[in-house]
Amino acid sequence: MIGILGSARITVEEVLLLRRLARALGTPHLDSLQRLGYVSFSPVDLRDIESAPRLTVLGANLHERHPQVGRRVLRAMDRGSDVRVVHARRVPPVGAGALHRAVLPGHELDALEGAETNELTLVSSELALAG
């Protein structure tokens, strides 16, 4: 069985080329992160992370991919912030006391339903690739 997975940064033209390749290989198994659509999140100042009362880390291993942000999240936890991590695996800062919500890869955005207004959500470009 052959499957093809496109990147999150793939263009529409590249998706079409992957579709042609999948057809030529005789496989119906083609996926791309473009199925999630584009979610608009405004950039966040690193200082805002430390002072946020509630944080959600969405589909990202911050300590591996964004160590500066990961350190700021740990500082926020030291100051009493509630932190939850929505990820397929147990990634830091779960070991430091953050709440872990396990989800299947590609379903991270579902966790944003019911988010509080004072909640800061951290999203990485690796959304739905981990797992």
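What percentage of the 131 residues of the protein chain count as buried? The value is 37%, where buried means under 20% relative accessible area with a 1.4 Å probe, protein chains only.

A word on the source: this is a predicted model, in which local features need pLDDT of at least 70, side-chain atom pairs count only at pLDDT 80 or more, and totals for chains, interfaces and linings use all residues. Residues are numbered from 1 along each chain as its sequence is written, and side-chain values use heavy atoms, with hydrogens and water left out.

The protein chain has four helices and six strands, taken from DSSP runs (helices are H or I, at least four residues; strands are E, at least two) and numbered from the N terminus. Their order along the sequence is β-α-β-α-β-α-α-β-β-β.

Now to helix 4. Residues 67-78 form this helix of 12 residues, and its first and last C-alpha lie 17 Å apart, close to the 16 Å expected (1.5 Å times one less than its number of residues). Its buried residues are Val-69, Gly-70, Arg-72, Val-73, Ala-76 and Met-77. They sit on the same side of helix 4 because they cover an arc of only 160° around the axis, taken from the directions from the helix axis to the C-beta atoms.

These buried residues pack against the elements below, with contact meaning heavy atoms within 4.5 Å.

| Packing partner | Residues |
|---|---|
| Helix 2 | residues 46-51 |
| Strand 3 | residues 54-58 |
| Helix 3 | residues 62-65 |
| Strand 4 | residues 82-87 |
| Strand 6 | residues 119-123 |

Following helix 4 comes Gly-80, with a positive phi near 100°.

Methods:
Buried < 20%, exposed > 50% of the residue type's maximum accessible area, 1.4 Å probe, protein only.
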